[in-house]
Every structure is written in C-alpha cells, then in structure tokens.
Amino acid sequence: MDKSGQVQRTSLFDEHVAAGGRMVEFAGFELPVQYSGLSEEHQAVRTRAGLFDVSHMGEIAIRGPGAFDFVQLVSCNDHTKMVAGRAQYTGLMLPEATFVDDVLVHKMADDDYLLVVNAANRHKDFAYLADLAADREGVEVTDLSDEYAQMALQGPLAQEVLQPLTPCDLAAIKYYRFVNDEVAGVPALIARTGYTGEDGFEVYVAPPQAPAVWREILAKGRPKGVLPAGLGARDTLRFEAGMCLYGHEIDDTTTPLEAGLGWIVKLDKSDFIGRDILQLQADEGVDRRLVGLEMVDRGIARHGYPVLLDADAEAPAGVVTSGTQSPTLGKALAIAYLPFEATDIGREVFVQVRNRAVRARVVELPFYSRKKK
C-alpha cells in the first residue's frame, strides 16, 4: 500500500487483466496470483520459462562518499570485493542480530549502491536506513521504488528468449552480475539473479515502458512455451529451492544463523550491526534451526502449524514456516524451525494438522536444485 493506505497497482496491471490473471492483494499491491494455473506456471518455469511481474519490490539507493562504509554497517555480508556490476544477497540487521529485511545489494559505482528490498518492507526499510544515515557524513538514502518496474524471466530457456531483444551478450553476464543496456529498445538494468531456483534475469525499466517490454518478451517466448506466471508459482518455486521468504522463514525474531544463512554472515569483516550476537551464536551454537520436512503420513503442513517431537507432546517444539505439495517432486513438504537437538536428517517428528498429529521426517534443504550446465 502507499502511505495513504491505498492498494497500489503496478504499471503492468492492464497486461495481467488482459491475460486473465486472477488478481489478489499482496504486500499492498494488486497482483496476479495465477493465470493459467499454479501447477502449469510452475512447470513452465522448471522446464521452459515463466515471466513474473515483480514491480512491487522496492529499490533504495545509498549514495555518497560514505556509502560503502554505511552498507558494511547495516549488512551482515561483506561487500569489500564487490565491483561495479555485481550483486550480493544479504540481511539488513537489527541490533538483536535479527532481520529488518533480506535484500539484494547492487554496486552501481564505488559511491552508489542499489538495494532491492521486499515490497511489504519498503517503507520500513527506508525509514530505518534514513534514520541511521541522518547523523552520518557523506551518505544519502533515497527511495527510488517508483522509478522502477521489474520483470523476472526465469527458467532454462530464459537466455534464449531474452537474447534477441537485447544487444548485450547475456552469456557474458555471470550469476549475480548485472549490466545497464536495452531490452526491446528500452533502457534497462539486466541482472542475472532470481528467486525460483532456475537460471534467469531480472529486467528493470521505467514503469511507463514496462508494458511494451512485457509484451515483447512474451511474444518471443510463447512459441517456446513461455507463460506469464503469478505469485502462486513464485512461492512454490522458491519453496522447493529452499529460499527464505520474509514473514515466513525470516523476520525480526530470527537470525541468519538460525535460518541456515550462515554463508551471508561475515564475522571477520569490520564491525556491523548485530555482530556481537552472531559471534556468540557462532561460538556457542544456535538453539533452533531451519530444516526441511517430508510428510510421511497423509497431510499438508501449512505456515504456522505446530511441530511436535512426540505425537502426544503437550506443547509444540517448533513451527512450520512454509509448506505445500511440491509440484516438481510430487511430495508434501515443509520448512520448519526445530530445536537444534532435533534437526538430524531422518529424525521423525509430528506436525499438528488440524486435530491430527501427522508424521514427518527431517530432510535436507533445498528440496530441489537445478542441474548446472
């Protein structure tokens, strides 16, 4: 929603309606949850490609001679080795070492960083960063969200579909790199990132030009089976790939080490917000940890369902953060927090599904990993 509380529409709203998208409210925006069907769109991304409207995501610029030091302060990752044209995944940290948000940091230049943030957290993130920057010299924080529309073309055919529409050599853009060029004759930032577990590209353009670019990408892709895809498939795809979703796997009560995101925590860099607590967790271990679950008995584990260590336990030991029937694997799977001592692979636990204690076993994350070329 905007600051007045009104539900917003992206510049691609009319395209979604014309394509038969079923519109729902999500993170303050009216967005398509599906078009042809969740399973069909999911499988299109896994086997061919799908095109998502992710214009609801926020973009925040951090600029000035103090930009690098400021990004290092608020982020748990280390951006020292970043060069212009590179992106990194990280967490914006609270003093408690929990998440303000999880973000993608794009280095535009030595004194210019673009943070892509979750839509529901856009205003909160900006306020947090602006407040921290208020008494620091050489740091300017600007909300640029309204200047960007963002489309994600994801799937094994993404490069083949997008290449005829851009003069840049997409094969030369390595994973977590980006370039400024054109798509369908429109100035665009093209990033090789994604949130589906597949190869693909995020394409950022000015909102008025997004509908034409959207139509061009789909026109190139339709003969190859590319579909527009909605929020439903986006969620099942990221779930299978074990990717965290803010408000589910991570929030302001969880730390990166609890969430299995230790690879973005660089304790040997300069000091950053929350470092002391993360150092303590690294030294002494975490009390709980995020794990995968495969349902043994019939039942679907959903967000918020209690997890029991014994079928007759009086109190839950953990909680499901996400769960569904996996379209790719054909299994009922879930992600959950459990006490560290109960996280061994193969451990049997029970999920409270309505009034039943349904058996499940701990399995490795991610559930799905694409075959690298």
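Here is a short chat about reading a sheet and a helix in a predicted model.

Me: Let's begin with the sheet. In what order do its 3 strands lie?

Reply: Strand numbers follow the chain from the N terminus, so the order across a sheet has to be read separately. Here the open sheet runs β1-β3-β2, and its pairing is mixed.

Me: How do β1 and β3 run, and how many bridges join them?

Reply: They run parallel, with 2 bridges joining β1 to β3 (residues 29-34).

Me: Now for α8. Which of its residues are buried?

Reply: Buried means under 20% relative accessible area. In α8 (residues 275-284), Arg 275, Leu 278 and Gln 281 are buried. They span an arc of only 125° around the axis, so they lie on the same side of α8.

Me: What covers them?

Reply: The cover includes β6 (86-93).

Me: And which exposed residues does the face turned away from the buried side carry?

Reply: Exposed means over 50% on that scale. You'll find Asp 276, Asp 283 and Glu 284 there.

Me: What comes just after α8?

Reply: Check Gly 285 there: its phi is positive, about 90°.

Definitions and conventions:
Residues numbered from 1 in each chain as written. Predicted model: local features only at pLDDT ≥ 70, side-chain atom pairs only at ≥ 80, totals over all residues. Heavy atoms only, no water. Pairing = 2+ DSSP bridges. Helix = DSSP H or I, 4+ residues; strand = E, 2+ residues; numbered from the N terminus. Buried < 20%, exposed > 50% of the residue type's maximum accessible area, 1.4 Å probe, protein only. Arc of directions from axis to C-beta. Contact = heavy atoms within 4.5 Å.
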